[in-house]
Amino acid sequence: MLQEKVEILWNKEVGGLYYRLGLKCDEGFADTKPGQFVMVRISDSYNPLLRRPFSIHRLIEENGNVRGFEILFKVVGKGTTILSGLREGGFVDVLGPLGRGFVIPENFQSTFIVAGGIGVAPLFFLASDLMRAGVDSSKIQMFIGGRSKEDLLCIDEIKAMGFPVHISTDDGSLGEKALVTEIVKNKLTNTRPDMIFACGPSPMMKAVAGIAEKENISCQVSLETMMACGMGACLGCAVEKKESSDKYLHTCLDGPVFDAAILKI
Amino acid sequence: MKKEKVDLKTDIGGIELKNPVMTASGTFGYGSEYDDTIDLNRLGAIVVKGLSLEASPGNPPPRVVETASGMLNAIGLENVGIKRFIKEKLPFLQTLQSPTIVNIYGKSVEDYIELASQIDDIEDISGIEVNISCPNVKAGGVAFGVEPIAAYNVVNGVREKTSKPVMVKLTPNVTDITEIAKSVEDAGADSVSLVNTLTGMAIDIDTRKPILANITGGLSGPAIKPVALRMVWQVAQKINIPVIGIGGIMTAEDALEFLIAGASAIQVGTANFVNPKSTIDILDGIINYLEEKNIPSIRDLIGCMEV
Ligand SMILES: Cc1cc2nc3c(=O)[nH]c(=O)nc-3n(C[C@H](O)[C@H](O)[C@H](O)COP(=O)(O)OP(=O)(O)OC[C@H]3O[C@@H](n4cnc5c(N)ncnc54)[C@H](O)[C@@H]3O)c2cc1C
Ligand SMILES: Cc1cc2nc3c(=O)[nH]c(=O)nc-3n(C[C@H](O)[C@H](O)[C@H](O)COP(=O)(O)O)c2cc1C
Ligand code: FES
C-alpha cells in the first residue's frame, strides 16, 4: 500500500456525468487485482474532509511497465464535483491499492460478468485481465445495464474483446428495455456459468446474489459502503454476515469483493 | 528521519513519553494497520481501539457519515475483546519502541475492574486509558462519564486493581467537564484525556430517516476543535494531574494550540483517516516550531497561554 500525491495525467469527460481520471504512479500498482480500490483525497480543505473510494478501472502501461492507473467516476455529490474540475498537471493524494479484488477460479468453464451503471469500472478491468490471461472468449458473457444510454460506459471497448455483450437500459434507450438482472435470469435458462462476477448499486447486488443462490452458482459481488479510512482502522465499513457469531465483515479489508454466499444482503 | 535537537519529553502521569504525539483510540486500529504508511516507532504512544471483556460485534451499518468539516461515527465499540487482543494484537505492538496504552470500556464497574486486573500483569502495556463515555447498564444506561459519582466509582475501582498509570478519557457531553475531571482526580487518576466525541446526528431528507443506523453518533474532526480546546483549557486550570488534549487535531498548529492551552500531550484521531501520515507530520511540525522559536523544551510550552 502506498500513500502519495500523484499527478493527474488526464481528466476526460466521457459523456454526461462520467469522467475518466488518469493518475501517474510509477510504483506500487503493478500487482493490482481487478476489484481493488484507492482512497482519493480530493482537496486539501476540510470540506470534504474524508477521502473517497474509487475502484481501479484500468492500469496505464508503457512498454510493459505499469505507469499509473485510471478511475472511472460518476459525479454524484460534493467530492466528485470537485474531482471533475481537476485538470491535467494537477495533483491528488492517493492511498492504495486497497482491499481484496475478484478471485478467478482455476479452470472455470464459463462466467457471467454483470455490471450496473458505474459498476462497469472494475469489471472492465476484470474482463480485460481475463482476456489477457488467455481465457477463451467463448467462456465469457457480459451483461451491462444502466438507467439510460448515457449510463452505459466502455461499451465499444468491451464489445471489441470478442465475447457476447448483452445490453439493457431501464428506459429502453439502448439495448433491451429491462433490468440487467432480468436479462441474466433469462440467459440462465439455457446457459449455466460456474461463476458470476457482479458490481453495481446495492439493490442490484442483492438481486444478483439472490439469483446465484437460487441457481446454486458461485457469485462474487463488489459492494459499496461508507468508508472513513479504507484501511481497517475505523471499522466504519461494516457489512453483515449470514448467520455467524462474528457478525460483521469490513468492506475495505475483507472486500470490497465478497463471496455472495457469506453475506446477508 | 529528523534529528530531534529539541527536548520533546513529556510526563503524562506515571509515564514519560519521548514526544507528545499519541494516537486516539478507535482511529488507529491496533497499530499494525499503519505499519505500511508510517514509522510507528516515532510515536509518543499508541492508544489502541477500545477493548471490552468479551469481543463485541458493534452496531449495524451505516456506521459513519461525513458532516461539514467532521464526521459522525456509531461504530458501537466493535472490538476483539481483551483476551484475543493480548493473544493476537499485542505481540506486534511489543516489537515497537513506542509504548502501548490500552483503552478499556465496560457496562458495569465490575467490567472495568476485571479488565484492569487482566491488564495489570502484562509488562508491555504501559498504561490504561479508561473510556467512561459508555452507558452504565446497571444504572439505567446513563453514561458513567456524565455523573461525577459514577465516574469516581469506575476510576476508584480501576485504581485499586492496577499499579499501571491510569488515564481517564472524558466525554464532552456534560454541563461542566471540570467537575467530572476533579472527581476522577480524587479517585486516583494519573491523568485525564479529553475530549471524546460530541453526540450528534444527520438525517437523509429524501427518505426522512436518520443516516446512521444507530440514529445518533459521535462527532469528531476539525469541527469540534474549538470546543475541545476550550475544555482542555478549563480542565487544565482546575486539576493538578496532566491533561491530554484530543479533538480535531489535524496539523502541528492545532496540536500546539492544545499544548499552549495546558495539554501535556495530544492524541490524533480523525486526521489519521484523512492523512495516514498525520501523526508524523504533526510531530515534525512541532519540532520545526520549537526550533524556529528557539524553545529548548516542549515543557516550556505546556500551559503557557497568557490571558
Ligand atoms: C469500494 C468502492 C469503490 C467505488 N468505486 C467507484 C468507482 O469506481 N466510480 C465511482 O464513480 N464511484 C465509486 N464508488 C462510490 C464513490 O465512492 C462515491 O460516489 C463517492 O464517494 C461520492 O462522493 P461525493 O463527495 O461526490 O458524494 P457525497 O456528497 O459525499 O454524497 C453524495 C451521495 O453519494 C453517496 N455516497 C457518498 N459516499 C459514498 C460511498 N463511500 N459509497 C457509496 N455511496 C456514497 C451518499 O450517500 C450520497 O447519497 C465506490 C465506492 C466504494 C465503497
Ligand atoms: C471511528 C472512530 C472510532 C472511535 N472509537 C473510540 C474508542 O473505541 N474508544 C474511545 O475512547 N474513543 C473512540 N473514538 C474517539 C476518538 O478517540 C477521539 O476522542 C475523537 O474522535 C475526537 O478526536 P478527533 O477529532 O481527533 O477524531 C473514536 C472516534 C472515531 C472517529
Ligand atoms: S473504511 Fe475504515 S475500516 Fe474500512
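At what angle do helix α4 (residues 177-186) of chain B and helix α5 (residues 225-238) of chain B pack, and how far apart are their axes? The angle is about 45°, and the axes are 9 Å apart. Welcome to this predicted model, in which ligand 2 lies between chains A and B.

- Two packed helices are described by the angle between their axes and the distance between the axes.

**Helices α3 and α4 of chain B**

- Helix α4(B) also packs with helix α3 (residues 148-161) of chain B, at an angle of about 30° and with the axes 8 Å apart.
- Since angles under 35 degrees count as roughly parallel, α3(B) and α4(B) are therefore roughly parallel to each other.
- Here, too, you can look for the handedness: the crossing of α3(B) and α4(B) is right-handed.
- From α3(B), the residues P148(B), A151(B), Y152(B) and V155(B) take part, meeting E179(B), I180(B), S183(B), V184(B) and D186(B) in α4(B).
- The contact of α3(B) with α4(B) is made up of 6 nonpolar, 1 polar and 2 charged residues.

**A sheet in chain B**

- Strands of a sheet pair through backbone hydrogen bonds, either parallel or antiparallel.
- In chain B, 4 strands form an open sheet with antiparallel pairing, and their order is β5-β6-β14-β11.
- At the edges stand β5 (64-67) and β11 (198-201) of chain B; each has a single partner strand, so one side of each is left without a neighbour in the sheet.
- On average, neighbouring strands of this sheet are turned by 40° against each other, direction ignored.
- Strand β6 (residues 70-73) of chain B pairs with strand β14 (residues 216-220) of chain B over 3 bridges, in the antiparallel sense.

**Where chains A and B touch**

- Chain A brings 25 residues to the contact, and chain B brings 29 residues.
- On the side of chain A that touches chain B, strand β14 (residues 238-240) of chain A gives the most, with 3 residues.
- That side of chain A has 16 nonpolar, 5 polar and 4 charged residues.

**Ligand 1**

- There are 22 residues around ligand 1, and those that come nearest are S55(A), F73(A), G77(A), G79(A) and T80(A).
- The elements giving two or more residues to this shell are β4 (52-55), β6 (65-74) and α1 (78-85) of chain A.
- By class, the shell around ligand 1 divides into 13 nonpolar, 5 polar and 4 charged residues.

**Ligand 2**

- Around ligand 2, which lies between chains A and B, there are 27 residues.
- Coming nearest to ligand 2 are A24(B), G26(B), G50(B), S220(B) and G269(B).
- The shell around ligand 2 has 9 nonpolar, 16 polar and 2 charged residues.

How values were computed:
Residues are numbered from 1 along each chain as its sequence is written. Chains are lettered from A and ligands numbered from 1 in the order in which they are written. This is a predicted model: local features need pLDDT of at least 70, side-chain atom pairs count only at pLDDT 80 or more; totals for chains, interfaces and linings use all residues. A residue is near a molecule or strand if its C-beta atom, placed from the backbone, lies within 6 Å of it. Ala, Val, Leu, Ile, Met, Phe, Trp, Tyr, Cys and Pro count as nonpolar, Asp, Glu, Lys and Arg as charged, and the others, Gly among them, as polar. Two residues are in contact if their C-beta atoms, placed from the backbone, lie within 7 Å. Two strands pair if DSSP finds at least two bridges between them. Axes are lines fitted to C-alpha atoms, for helices over the stretch in contact, and angles run from 0 to 180 degrees between N-to-C directions. Angles under 35 degrees count as roughly parallel, over 145 as roughly antiparallel, 65 to 115 as roughly perpendicular and the rest as oblique. A crossing is left-handed if the near helix is turned anticlockwise from the far one by less than a right angle, and right-handed if clockwise.
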